[in-house]
Amino acid sequence: MAVAIVSDTCHYLPREVVAENGIHLVSLYVHWTDGTQRESEISDYDAYYERLRISPDLPTTSQPSIGDFLAVYEPLLDAGSDIVSIHLAGGMSGTVRSAEQAREQLGARADRVHVIDSATACGGQGLVVLAAAAGARSGADAAAVAARARRARSELKMWFAIDTLEYLRRGGRIAGAQAWLGAALKIKPILTVESEITPVERVRTSRRAFERMVDLLRTRHEDGADGWMVQHIQARSQAEELAARGTEIFGVEPRVVSEIGPVIGTHVGPGLLGAGGLPSAYLA
């Protein structure tokens with residue numbers, strides 16, 4: 001394709017979806033005291049989350065380097081492709097800034113690279129990336145593909161429910177939900193990402209959180225946003241149940257059901273259940 005789509009690893013689309021859509025990845029990193037791994041090299045999520053549960057210290061995470069981005073950008077440009085590069089919310093990570101700095105180092109070729117802050121993460125980021133990939137398949141030029149991605153983001157809504165605010169507290173990523181900390185053991189927070197993690201509401205039980213996620217999917221259906229998806233962290237049965245309930249609402253299956261990986265999972269912890277969507281016209 002004349003336009004190549006690049007993203008980081010924090011969309012957590014299934015590997016086969018990434019391959020089918022020709023998406024090029026730049027990996028973030030996870031740092032334990034005994035070593036560093038690229039997120040793209042961690043395939044056993046069960047083992048990772050078990051270690052996270054029992055470890056007295058959280059690992060740290062970090063963005064790709066400028067060199068990591070250039071290692072992906074330069075061969076694509078050499079091959080004649082322009083690039084639309086879509087990344088994790090800048091309010092959560094320096095990833096998009098690294099992409100911008102890499103672009104600046106490309107000299108005369110910099111104008112062939114469009115860097116977009118998705119202002120979201122995980123499934124929301126993934127849907128914006130898929131919208132861009134659909135635009136690239138249609139033969140649109142890079143400016144049009146970037147504009148399509150931005151329009152898709154403007155119509156996106158995603159939510160996630162978590163078991164506890166403890167991981168966000170320990171990782172310092174709690175942002176607007178700081179006031180909820182005192183009740184962290186008594187509530188099940190429902191959050192979203194609008195450049196940073198933002199509180200939506202809080203409920204008392206896991207089951208009520210699940211039913212609110214169903215309600216929120218219903219609002220997406222009422223809005224005509226039928227390109228929907230489900231993600232989870234170590235909550236497969238709940239994700240399957242939510243996918244089934246959503247299929248009843250939308251009359252179509254989710255575009256994706258997938259598990260969120262280590263970089264985001266480190267900061268929110270096991271037990272997350274997320275869902276949302278955008279109009280399916282962006283994904284066609």
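Mentor: A residue is called buried under 20% relative accessible area, exposed over 50% and partly exposed in between (1.4 Å probe, protein chains only). The model is predicted, so local features need pLDDT of at least 70 and side-chain atom pairs pLDDT 80 or more, while totals for chains, interfaces and linings use all residues. Numbering starts from 1 along each chain as its sequence is written, and side-chain values use heavy atoms, without hydrogens or water.

Helix H2 spans residues 45–54, and Tyr45, Tyr48, Tyr49 and Leu52 in it are buried. (Helices, H or I of at least four residues, and strands, E of at least two, are DSSP runs numbered from the N terminus.) These four residues lie on the same side of H2, because they cover an arc of only 90° around the axis, taken from the directions from the helix axis to the C-beta atoms. The general rule is that an α-helix has 3.6 residues a turn, so residues three or four places apart point the same way. Where H2 starts, Asp44 brings a side-chain oxygen to within 3.3 Å of the backbone nitrogen of Asp46.

Helix H8 covers residues 206–222 and contains Arg212. Arg212 counts as buried because its relative accessibility is 17%. The side chain of Arg212 has a polar contact of 2.7 Å with that of Glu201 (N or O atoms within 3.5 Å, one able to donate a hydrogen and the other to accept it within protein; residues adjacent in sequence count only if both atoms are side-chain atoms). Beyond the neighbours within four places in sequence, Arg212 is in contact with Ile190, Glu201 and Val203, contact being heavy atoms within 4.5 Å.

Ser206 also belongs to H8. Ser206 is partly exposed, at a relative accessible area of 41%. Residues up to four places away in sequence aside, Ser206 touches Asp163 and Lys188. Ser206 and Asp163 are 43 residues apart along the chain, yet their C-alpha atoms are separated by 7.4 Å.

Now the sheet that helix H9 packs on. Six strands form an open sheet in the order E10-E9-E8-E13-E11-E12, and the pairing is mixed (strands pair if DSSP finds at least two bridges between them). Strand E10 (196–203) and strand E12 (256–259) are at the edges with a single partner strand each, so one side of each has no neighbour in the sheet. From one strand to the next, the twist averages 20° (axes are lines fitted to C-alpha atoms, for helices over the stretch in contact; angles run from 0 to 180 degrees between N-to-C directions).

Strand E11, residues 227–232, runs parallel to E12 and is joined to it by four bridges. Within this pair, Ser258 in E12 is the bridge partner of Gln231. Helix H9 (residues 236–250) touches E11, E12 and strand E13 (273–278), and its direction makes about 165° with that of E11.

The chain passes from E11 through H9 to E12 in a right-handed β-α-β crossover: with the strands pointing away from the viewer, the path from the first strand over the helix to the second runs clockwise.
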